[in-house]
Structure formats: structure tokens, C-alpha cells
Amino acid sequence: MNQKAVSADKFMTPAEAVSRFIPNGAQIALGGFTINRNPMALIHEIIRQNVRDLHVVCHSHGQGLDLLIGAGCVGRLEIAYGGNGRFAPTCVRFRKAIEQGKILWEDYSNYQMSLRFLAGALGIPFIPTKSGLGTDLLRREGFPREIRTQRKVAPRKCVLLQNPFLEKEDDPVVLLPALTPDVALIHSQQVGEDGTVKIRGLTFADLEQAKSADAVIVTCEEVVPRSHIRSDPDHNSLPPFLIDAVVPIPFGAHPTACFFYYDYDAQHLNHYRKMAEDDQRFREYLAQWVYGVKTHNEYLDRVGGARLADIRADSVLGYRKGLERR
Amino acid sequence: MDSYSHQEMMAISAGRLIRDGDILFAGTGISMLATTVAKRIHAPAAVVFFETGGIDPSLEELPLAVADPRVMSGTCLNSGLIDAFSIVGHRRLHTVAFLGAAQIDRFGNINSTCIGPYEKPSIRFSGSGGACDAGCLAAEVIIFMQHEKRRFVETPDYLTSPGWVKGGDSRKRAGLPRGGPIAVVSNLGIMKFNANSREMFLAEYFPGITPERIAEHTGFPIDISGAIESVPPTLEELRILREEIDPQKLILK
């Protein structure tokens, strides 16, 4: 026997995972991208447990991040893009929080943030790139000096360096500080009973995020037998021993999409944007969809079986063909 | 001639700048229309890929975000961000990136981050996403803009993605030996960049628009002396755009 089944105490509810791994002030990496595979069940639970002062690190994030910011859980943000595609070209609560100075933020690019997670995963303190040269991403720091001495905050945003391998010619590169978040929150399609994770479709920077973190929580649509997930290891994504909590939770990314399981819920995303535009209506949204339900199953009851059936993915295409998306 | 919108003219004009075999870094919105119309008309060997890692999807339905599951369907390969950016900057590939922005200067440097001071912006936008990366690493960049004086400015409030930096060879000296914007496609016409000074000039004005009107809507002096009128969209281009690419009118207004 080369691998024991993952210990049963790794399987838990969203409430247990959040209370065990995400204290006030934690640095969390959000998996997914804009309207795809956001770890929504965990995000709702973070809001219900009123976790505060989170330091969020991500590349392009949308729905989940916007909800966390709007609910007042985020103190600091390092980010490349806050948007929901056509459903919100700039996420509304993200935009308001920055315009009103309610959070601290630092801008990087998608590639830069992905490389920072990669550096953390590789155990190196920084990583060079050509991306960012000639821009304000290098010149303007968002975080004030006083927080740059705090834990898991890089002393500098980035450093410009001449290529040390060339002696006669100029060849500037940008050095980016590694990220080692306290916990990565990832939503996947399947986890084996042994804890092996399978993500289908694009992985974004989820694998680098998971490998860079001190702890990893994976929510999943389905738990499948060990023999099943190991019958197709070429398509598996993360090994069991990197995973600290497995949270089985169907439709755990709703209203964002989960390839081959369900499409994004276009009506819900449009509704959310309208509610987010106004402070009072945003509070009503939270009351109805987050505080007013105790579990993700209660949330799904509110969404309704008809809507969930309507966004079910086509088994060949991976999305819902002909979905009304306007 | 059928009537057509500025948006259709922009998509078709940008599509005509694509060469067969180009590797296209597309966003959503109008760049999706431009790349798909080009693929169906004159550049069938062009390949569309997304910064999220979706490479050459079948695009039977239009994606509404670069993480839309439609960019993962029927691809040759599904990967992630680091793989995607290794393609954007690949030295063997002629990659063309399509970007949009809130502000642009005469050297094609663009702002998609904020209006007003960075620390206390009056308007905050989404931020770079992959725009900075594409602006630094792609072989060519094509930029979509709404043509207004407050958008074509002397100095953008924030420089998110580099164009020709300060003109001349300053981009190369900044450490970016390849790339740079080749064209700006606005709702009024097409701007290109002088091969030496790298300053923006008016190359084409759309039918019904005068070069003088474009100069009036540009917040810096722009050379309009050599501009010619664009060829209007053909019936075939319009039909493909309306009936085959966006029949649900998800992007077309």
C-alpha cells in the first residue's frame, strides 16, 4: 500500500474549513478567474463568520472578491484586475472601496501575480520578468510604507535590475517578490477519496496558488473513488498531501461557472451588479443570499432547481449551449 | 450599401489588419468580433488564444469574459496563465494583442487603471489584467478606443501598458526590444505610428468622418495630412458579423 486514504478529518464543511484555516488578518489566495470557478461557498461562509482584515492576493478576480470586499472582510488587496467580463467590466464594490479609500491596494499584472505565486511555490524569494517595464506598475506603490514591515508583505513592490549576466549592454528586468499566502481557496470539479484533486478546463494560476500557500482548502463538485481518480492521472491537478481541507459542495462556485458541470448564472450576475450599485440594495443582497441562509444547500434552494437545471453544462461542450446571456 | 454602426466598422477595420497565420491574443467585446471576422474572411490560419490559457477554441458561441467556459471548449489545449503568457512573448511567434483602454497618449501608452491620482482616484477601472503583459511582450498591439478629447490625452493619469514609451527608440532602451502598438482603431478612424518618431498619425478616417473632426477630438496635435478614407464594410463582412458571429447580439449593439 503506497498511499493511505486521506484521513477522514480532512473532509469537512465550509463552516469548519473557514473557522479552522481563515482567522482575522489571514492572507488568502483566491482561485478561479472573474466568472469562473470562484470558491463561492467558502466566500459566503467567510462573510457569515465575519472574518475581518483579510489580505487578498489574486490575479484577475470578480464575483467572489467583490462580495468579500463589499461585506467589509478585506483590508488589503494585491490584484491585477477586478472585473466580471461583460457582467461588470469593473466590479462595483471593488471600484467603490478604492474610490472611497476603504481598503489598501497594490496593482500588479496577471502575469506578474502568476509569477509571484510560482516563485512562492518554487521556494525562491523573487522572480524576474520583462513585464511592467516602462509603466506605472513599477513606479507607483499603493501600500503605505508602514505596512511594508508587516508579515507576508514585501518590503518593496518590485525592483528594477540590470541583467547581471550581461556586462556591456543595458538589459533591465523587473524583480517581483514571491507570494506565500496563509491559505489558498480552490474550487475543483472532483476530489478523490484519497484527496487527489482534478480541475477540468483552464487551471488559471490555481496550481501555483495552491503550491505557494501554507494551507490549501479545496471545495469540489464531487468526491469520487480513489480507483476512479487514479484511472486518469494524466489529467489530475494536485496531489493529496498538499491539501489540508476537502469540502464537497455541489454548485460550490455558483453563480460563476464550473466547466462540464454548469455555466455561469447570467441572470444572477446581472442582478448582482444592479444590487451592488446601491449601498442599501447591496445590503439587501447580502441579507438574502448570504446572511439569510445557513448553508450552501439553503442558498441553492433560493436559487431554485429550475435555474440550476437551466445552467447545467452540455456534456460535450462543457457549457450550457444557447443559454440566455443578455 | 447597407447602413452599419461605428462598432461594426471598428471590428471589420481591425480585422483587416490581421494577417493569415497570426497568433491573436484576444480579449472579449470588439476584439472578439475583429478576430473571428478576420478568421472567416481572409485569415483562416490565424489562431485565437486567451490569457487565461485557452488556445484556439472553436468559439461556436461568443465568450463574454476571458474566463468564459466557451474559451475552454474545442481548444487544441487548455492550460493556465503562465503558459498563455509564454505564448504572448514567444520569440518564434508573431503574436498580435488587442487591448482597450480609458486613455491613450501620442505614443500609444495606455491607461486602464484609474482617472485622477492613483492614491485617491475619482474613477477606478478594473486594472491591468493582462494588458501590461501583452503591451510588454506581444510582437504587435492593436488598441481600441472611443475617440474623445478626454481619452486621447497628453499625459494619461496612469500608465498601465507601454506603447512606444517616449517615442524614438525609448521603448527598446526601457528594456523592451520587440513589440509596440501598430494601430489604434477608434470609432472615427485608424491611427498608426511614425516609424522613426513613433508618434501617432491619422492613417484612415471612416466614411462620413472628416480628418478635421478627428483632430478636434484628439487632445494632442496629430498629423492628418496623409489620411485616406477607409473602405466601407462589404455586405459579406457585415453578413458574417451579424449572422454568423453575433446572431444573439451579445456584443453588437
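**Exercise 1.** State how many residues of chain B are in contact with chain A, and describe that side of chain B.

*Solution.* Step 1: 45 residues of chain B are in contact with 53 residues of chain A, where two residues are in contact if their C-beta atoms, placed from the backbone, lie within 7 Å. This is a predicted model, in which local features need pLDDT of at least 70, side-chain atom pairs count only at pLDDT 80 or more, and totals for chains, interfaces and linings use all residues. Residues are numbered from 1 along each chain as its sequence is written, while chains are lettered from A and ligands numbered from 1 in the order in which they are written.

Step 2: On the side of chain B that touches chain A, the elements giving two or more residues are helix H3 (81–88) and helix H4 (131–137) of chain B. Helices here are DSSP runs (H or I, at least four residues), as are strands (E, at least two), numbered from the N terminus. H4(B) supplies the largest share, four residues.

Step 3: By type, this side of chain B has 21 nonpolar, 17 polar and seven charged residues. Ala, Val, Leu, Ile, Met, Phe, Trp, Tyr, Cys and Pro count as nonpolar, Asp, Glu, Lys and Arg as charged, and the others, Gly among them, as polar.

**Exercise 2.** Describe how H5(A) and H3(B) pack.

*Solution.* Step 1: Helix H5 (residues 110–122) of chain A packs against H3(B) at an angle of about 125 degrees, and their axes are 9 Å apart. Axes are lines fitted to C-alpha atoms, for helices over the stretch in contact, and angles run from 0 to 180 degrees between N-to-C directions.

Step 2: H5(A) and H3(B) are therefore oblique to each other; angles under 35 degrees count as roughly parallel, over 145 as roughly antiparallel, 65 to 115 as roughly perpendicular and the rest as oblique.

Step 3: A:Asn110, A:Tyr111, A:Ser114 and A:Leu118 of H5(A) make the contact with B:Leu81, B:Ile82 and B:Phe85 of H3(B). These residues divide into five nonpolar, two polar and no charged.

**Exercise 3.** Is H1(B) enclosed or open?

*Solution.* Step 1: Nine of the eleven residues of helix H1 (residues 6–16) of chain B are buried, so H1(B) is largely enclosed by the rest of the structure. A residue is buried if 20 or more other C-beta atoms lie within 10 Å of its own, exposed if 12 or fewer, and partly exposed in between.

Step 2: Among the buried residues are B:Glu8, B:Met9 and B:Arg16.

Step 3: Their cover includes helix H2 (30–41), strand S10 (140–145) and helix H7 (235–245) of chain B.
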